[in-house]
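Subject: Structure for your files

Hello,

The structure is placed below for you to open.

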Amino acid sequence: MKLQFEPNLDYQRKAVDSVVNLFEGQEIKPSNFTVVDNDPQGKLLSEHGIGNKLKVNEEKLLRNLQGTQIENGLIPDESLKKNDLQFEIEMETGTGKTYVYLRSILELNRTYGFTKFVIVVPSIAIKEGVNKTVTITKDHFRSLFQGVQYESFIYDSANVEQVRNFAVSDCVEIMIINIDAFRRSFTDPSKETKANIIHRKNDRLGGLKPIELIAETNPIVIIDEPQSVDTTSKAHEAIQSLNPLCLFKYSATHRDIHHLLYKLGPVEAYEQKLVKQIEVASVRSEDDFNGPYIKLLETGNKRNRMTARLELNVRRGSTIGRREVTVRQGTDLAERSRNPVYENYIVKDISCRPGQEYIDFTSQPVVLHLNQDTGGMNDVTIKRIQIRKTIEEHLDKELVLNPKGIKVLSLFFIDRVANYRGFDQDGNWLAGKYAKMFEEEYKQLMHSPKYQYSRYREVPVADVHKGYFSADKKHSRKGSIVWKDSSGKTQADDDTYNLIMKDKEELLRLNQPVRFIFSHSALREGWDNPNVFQICTLNETKSKMKKRQEIGRGLRLAVNHEGNRTSGFEINTLTIMANESYEQFAKSLQTEIEEETGIRFGHLSEDVFAGIVIRRNELDEPELLGKQKSEQVFTYLKDQAYINGKGKIEDTLKEAIKEKTLTFPEEFSDVQDRLVSVIKEHTKDYEIKKRSDRHVAKVKEKILENEDFRHLWDRIKYRTRFSVHFDSDQLISACAAALKEKLSIPSIKLRYEKGEASISKAGVVIREKEKTYEQHVDGHFAVPDIITFLQNETELTRHSLVRILKESETLYLFKRNPQLYMGDVAKIINSTKRSFIVDGITYRKIGDNAYYSQELFKQKEFKGYLKSNMILVEDDRSPYDYIVYDSDTERRFAEDCAKDPNVKMFVKLPDWFKIHTPLGNYNPDWAVSIVENGNENFYFIAETKENILSESLRPTEQGKIRCGKKHFEALGTGVKLKETTNLKNLFN
């Protein structure tokens, strides 16, 4: 099989033209030339070879740069120095940046005669990847650039004659070199032996240093992944030692921008469907709270005190769940979480050092680094489900894509080779735990009727998966191989990457049975097979691999059996099997994109509008709005409170766009629509959560002295105490019966979730696509002290609790999930107990001096939103000018009260007006006084509900209302508490 390349992809041609147009004004290369010409175009004849020559002056280069930037919708640079010719081309992973810069090399030669090019890469993986692309594109480029002669080679310190050929050759020469091969140089002759060979004098080169020959050619230097290459002063010096004519830096994640020529970022690539659609799936345990689960989320230093943010199994009341807590040195996790499973987990040390964040504990051998966790579901069980679901996703895609001639590949990243394979003393292959799991799950799935027509159904399972790992030659014995957990940056990785690259096209053949690939997690860049549709990370600890690196291995659009790329998300969907929730994956991915690309999702920058085209002149050259005008628009939006000082888009701006009320000053009227369009790009998928009409309800102090208000308030303001009487035996029987009827404890389950990602300038959003439960898991748990726990939660005696549990006959459920059992038992007992308490409750008035004063109305403001939860009270029948309501039922009740003249006074009772009950404090909704027939007054506490039927209310809510009725009865002031749906029912 041979990969085909499309010569007319617009975005790639635009990237190539951006580089070529930079040198406009350099004399065009003639159709033929010889090296004996006095001034061969684009060439520099030096003492030891032939190099590049630049004739364009600084002023013309700047005009070319600015024109290219404007054409690409970028903000033009204001200056350019000839000693700082560094240009950036940003292209998202998977969009063909290697192809682009190789084609740019040949276009520069064809147009201007440049011949010497050096490609600098950060790692072995990328070096092999670049060399592979050079090889497989040769026929394609020779058909596009007829007659061109070009040679390429990987720099090898053992073969310095290559450098001489590079220098003296008259054709296009491309050297590929790893930064580590020329990073170490010394000017002190006594230390020369410590320098890279490229910086040492060599007799085979007539006593010259190889770097000197390269420097004389004045090469155009292309840096692949500059954020990984030019990271230190030594690396920078090394690059400058090449004496480059100019630098072109290609990356998806530029760290420093000098002169950006072209940009195709992750948002643009996704929106143009130039990369695969991303799905994120995860396997998570549910109701698994029986062990000391701990995850380190963050460390910090506040006022010289180290803190850590953890995720724990925290108990609140009788409910337990995963929650975030902040701890310090000496914090006892058992006390902090109210969960005894954390006994002896006391924080010993917290580290905030960047890259070395960790937390450890006294009396426990646990050390957690950032984003690592411990405890929870058995790791082997989760890994097995991850493998099974990856295989299932793979086989499902094969049913659709194989008939279209598209091979499906899945990639598993592991961090220990031994988990996949090893060898015994006789050199026989032994399957590791992941290989065994894979084969077991694959066999089981392939026997499903769903896959009975798979073209691979009869292929032995051993033939469908393969591992790529580095051999440890030092420890290998004759006839055996020792595999190593490599870093991806050593010489030992060479053979591995060579093997992968050689297999690249072979793996795309439908008749090749290998479809599942296991590789070390160090293989995170440099190997991109277009037909990877699933990526599963099987690390024993949480993956430290960046999300963009992870998805980058499978972002390229798929190719069919003829080597032609396919298009459309219906074919090109990459499923990531993450070892975290897809929400957390999306959050991390968005953070990485912001950190690596400078994008600030949901924000506007001061120059965001600068690239808007105002008009074109007679030469069809665009005139832009520019930085100054863009800053004016930014300031205007800030002054209107549409954005904050950092450019964060506020809800007011989202609402103005939604309601089409956004306007700009008169001078921007011609570009109003384009300004709005740019803002919309940054607000897409962002829901308006609040209204812009925030308002504070103010108290009408004169109403507090109004006779009608005082008559009402004097009847309801007094406070009471309650006492309770009930039969213990009846309570025990009722609790046991309730447990027998209501208690249902599920086993711990594994939940499979999958969400579809969308990427826009507003952010990374994942929409849930699928949620299923995979299996129940029977665990072996430490047995907690259930009686002590229930005694603390219910305040019943140990004797009573033992009787309740025995009579309920539910203890067999305790072994299924102890923590969940204890919590649910406590809830049911407390609910039953409350019902008994309410039945036997008695209230009495404390006295004439224990009451809520109307002065309290002056001490608290009520805030709301005019269009969403506030209603204006125009007359003097309520103590506030606006009523803040909580529901449509409350809104309608307030409107009816305001309209009905028979309502003398209505008060939305503030949250400080509380009635104490054994079920918690009760805050009634309304106090209302009504006059009938012009002279008889009635006083009510109204509890407004959409449905007042008792079965529609929660038991606790019912109990509080019953307590409230008894409270007002005890006051003896003639006030009645009524549940009602509207004012009319209250009158009735």
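How many salt bridges does the structure hold? There are 44, where a salt bridge is a side-chain nitrogen of Lys or Arg within 4 Å of a carboxyl oxygen of Asp or Glu. This is a predicted model, in which local features need pLDDT of at least 70 and side-chain atom pairs count only at pLDDT 80 or more, while totals for chains, interfaces and linings use all residues. Residues are numbered from 1 along each chain as its sequence is written, and side-chain values use heavy atoms, with hydrogens and water left out.

Salt bridges

As background, side chains of opposite charge can pair when their charged atoms come close.

One of the pairs is E225 with K97, whose closest N and O atoms are 3.3 Å apart. This pair links distant parts of the chain, 128 residues apart: E225 sits in the loop between β7 (220-224) and α8 (226-229), and K97 in helix α3 (residues 97-112). Helices (H or I, at least four residues) and strands (E, at least two) are DSSP runs, numbered from the N terminus. E225 is buried at 12% relative accessibility, and K97 is buried at 13%. Here buried means under 20% relative accessible area, exposed over 50%, and partly exposed in between (1.4 Å probe, protein chains only).

E807 and R803 also form a salt bridge, at 3.7 Å from N to O. They are 4 residues apart in helix α24 (residues 798-808), so about one helical turn separates them. E807 is partly exposed at 35% relative accessibility, and R803 is partly exposed at 26%.

A further salt bridge joins D839 and R962, with 2.2 Å between the closest N and O atoms. D839 belongs to helix α25 (residues 818-839) and R962 to helix α27 (residues 955-971), so this pair ties together parts 123 residues apart in sequence. R962 is partly exposed, with a relative accessibility of 36%.

Finally, R384, R388, E440 and E441 are linked in a network of salt bridges.

The sheet

An open sheet is formed by 3 strands in the order β14-β15-β16, with antiparallel pairing. Two strands pair if DSSP finds at least two bridges between them. β14 (346-351) and β16 (364-369) are the edge strands, each pairing on one side only. On average, neighbouring strands of this sheet are turned by 20° against each other, direction ignored; axes are lines fitted to C-alpha atoms, for helices over the stretch in contact, and angles run from 0 to 180 degrees between N-to-C directions. Strand β15 (residues 358-362) runs antiparallel to β16 and is joined to it by 4 bridges. F361 stands opposite Q364 in β16.

Regards
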